[in-house]
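Look at the model below. This report covers its fold, its confidence and its charged side chains.

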Amino acid sequence: MLWLPAGPPIGTGLGGYESITVPMERGATLLLYADGLVERRGTDIDVSLQELAALSLPTDGALDDLLDTLLSGMANGAYEDDVAILAARQP
């Protein structure tokens, strides 16, 4: 889990983003996700983030399999909002 500096919502046209560089080891996977993956009514977001961090995701194989495991493991596959995820693996 990377804790990054907060910035204005994407698409607002406001600046203020801080650029950072994080090295990735060979075979590492980067997941970028929208808040719909981890925000649920009545559940503290920190609880959902801990749930995400505790998931046992495949470290190799197709990214589609990783995403399927991720989506079914969070909130038991039930989402209240749109979910968008981008997965990229370092070759």
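Which residues gather in a patch of negative charge on the surface? They are Asp35, Glu39, Asp81 and Asp82. Asp82 sits in the loop between helix 2 (63–73) and strand 2. Its relative accessibility is 63%, so Asp82 counts as exposed, the cut-off being over 50%.

The model is predicted. Mean pLDDT for the protein chain is 88, and 99% of the residues reach at least 70. Among the elements, strand 2 (residues 85–89) has the highest mean pLDDT, 94. Helix 1 (residues 45–54) has the lowest, 92.

The protein chain holds two helices and two strands. Their order along the sequence is β-α-α-β. The C-alpha atoms fill a box of roughly 40 × 35 × 20 Å along the principal axes. Of the 91 residues, 15% are buried.

Two salt bridges are counted:

Glu51 belongs to helix 1, while Arg40 lies in the loop between strand 1 (29–33) and helix 1, 11 residues apart. Glu51 is partly exposed, at 26% relative accessible area.

Glu80 is in the loop between helix 2 and strand 2 and Arg41 in the loop between strand 1 and helix 1, so the pair ties together parts 39 residues apart in sequence. Glu80 is partly exposed, with a relative accessible area of 44%. Arg41 is exposed, at 66%.

Conventions. Residues numbered from 1 in each chain as written. Predicted model: local features only at pLDDT ≥ 70, side-chain atom pairs only at ≥ 80, totals over all residues. Heavy atoms only, no water. pLDDT = per-residue confidence, 0-100. Helix = DSSP H or I, 4+ residues; strand = E, 2+ residues; numbered from the N terminus. Patch = residues over 30% accessible without salt bridge, like charges linked within 9 Å, V, L, I, M, F, W, Y side chains within 5 Å. Areas by Shrake-Rupley, 256 points an atom, 1.4 Å probe, with all protein chains shown as cover. Salt bridge = Lys/Arg side-chain N within 4 Å of Asp/Glu carboxyl O. Lys, Arg positive; Asp, Glu negative; His and termini not counted. Charge placed at Lys NZ, Arg CZ, Asp CG, Glu CD. Buried < 20%, exposed > 50% of the residue type's maximum accessible area, 1.4 Å probe, protein only.
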